Amino acid sequence: MSLKERITDDMKAAMRAKDMGRLGTIRLLQAAMKQKEVDERVELDDAAVVGIVDKLIKQRKDSIDAFTKAGRQDLADKEAAELQVLQAYLPARLSPDEIAAEVKAIVAELGASGPGDMGKVMGAAKQRLAGKAEMGQVSAAVKAALG
């Protein structure tokens, strides 16, 4: 079963259970997926769906920070609930050691030598580690490997 099919099945289950919070979040995810399909005229594969989920998770984290700083705990709690639903669709994340090992392998493959090659290494790392690791951690590992 593809990730897209799993999301659709989860939406149906949330409808049956009358779980409005979960249903709203899943519909938001499906709308983002449909938008990408329409805009780019493509059929999304699991990697593209994971990329969309990653983007939505980053938005939720940013919103939680903003709402907490503004003293709006009610809105921060709503975003945190959405974050929990979205995280269920991500594959298992790599540990920092595994990220560092992958980055070292990429640096060796590309023959990168210094900070000037960071863009080239990050491009390859994004393709290889998309959905498996948070890009902030990958960027830090690339800086450490090239620095």
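Contact here means heavy atoms within 4.5 Å. With that in hand, let's walk through this predicted model, starting with the whole chain. Among contacts between residues at least 6 apart in sequence, 56% join residues at least 24 apart.

A few numbers describe the surface and the interior. Of the 147 residues in the protein chain, 32% are buried. The accessible surface comes to about 8,800 Å², and carbon and sulfur atoms account for 54% of that area.

Helix α1 covers residues 3–17 and helix α3 covers residues 46–69. Their axes come within 8 Å and cross at roughly 55°, which means that α1 lies oblique to α3. On the α1 side, the contact is made by Leu-3, Lys-4 and Ile-7; on the α3 side, Asp-46, Val-49 and Val-50 take part. Sorted by class, the residues of this contact are four nonpolar, no polar and two charged.

Next, turn to helix α2 (residues 20–40) and helix α4 (residues 73–87). These two pack at an angle of about 65°, with their axes 9 Å apart, and the crossing of α2 and α4 is right-handed. Helix α2 brings Arg-22, Thr-25, Ile-26, Leu-28 and Leu-29 to the contact, while α4 supplies Glu-82, Val-85 and Leu-86. The class count for the contact of α2 with α4 is five nonpolar, one polar and two charged residues.

Finally, follow the chain on to helix α5 (residues 96–110) and helix α6 (residues 118–129). The axes of α5 and α6 come within 10 Å and cross at roughly 125°. Angles over 145 degrees would count as roughly antiparallel and those from 65 to 115 as roughly perpendicular, so α5 is oblique to α6. The crossing of α5 and α6 is right-handed. From α5, the residues that meet α6 are Glu-102, Ala-105, Ile-106, Val-107, Glu-109 and Leu-110. Their partners in α6 are Lys-120, Val-121, Ala-124, Ala-125, Arg-128 and Leu-129. This contact of α5 with α6 has eight nonpolar, no polar and four charged residues.

Methods
Residues are numbered from 1 along each chain as its sequence is written. This is a predicted model: local features need pLDDT of at least 70, side-chain atom pairs count only at pLDDT 80 or more; totals for chains, interfaces and linings use all residues. Side-chain values use heavy atoms; hydrogens and water are left out. Axes are lines fitted to C-alpha atoms, for helices over the stretch in contact, and angles run from 0 to 180 degrees between N-to-C directions. Helices (H or I, at least four residues) and strands (E, at least two) are DSSP runs, numbered from the N terminus. Angles under 35 degrees count as roughly parallel, over 145 as roughly antiparallel, 65 to 115 as roughly perpendicular and the rest as oblique. A crossing is left-handed if the near helix is turned anticlockwise from the far one by less than a right angle, and right-handed if clockwise. Ala, Val, Leu, Ile, Met, Phe, Trp, Tyr, Cys and Pro count as nonpolar, Asp, Glu, Lys and Arg as charged, and the others, Gly among them, as polar. Buried means under 20% relative accessible area, exposed over 50%, partly exposed in between (1.4 Å probe, protein chains only). Accessible areas come from the Shrake-Rupley method with a 1.4 Å probe; for residues, only the protein chains shown count as cover.
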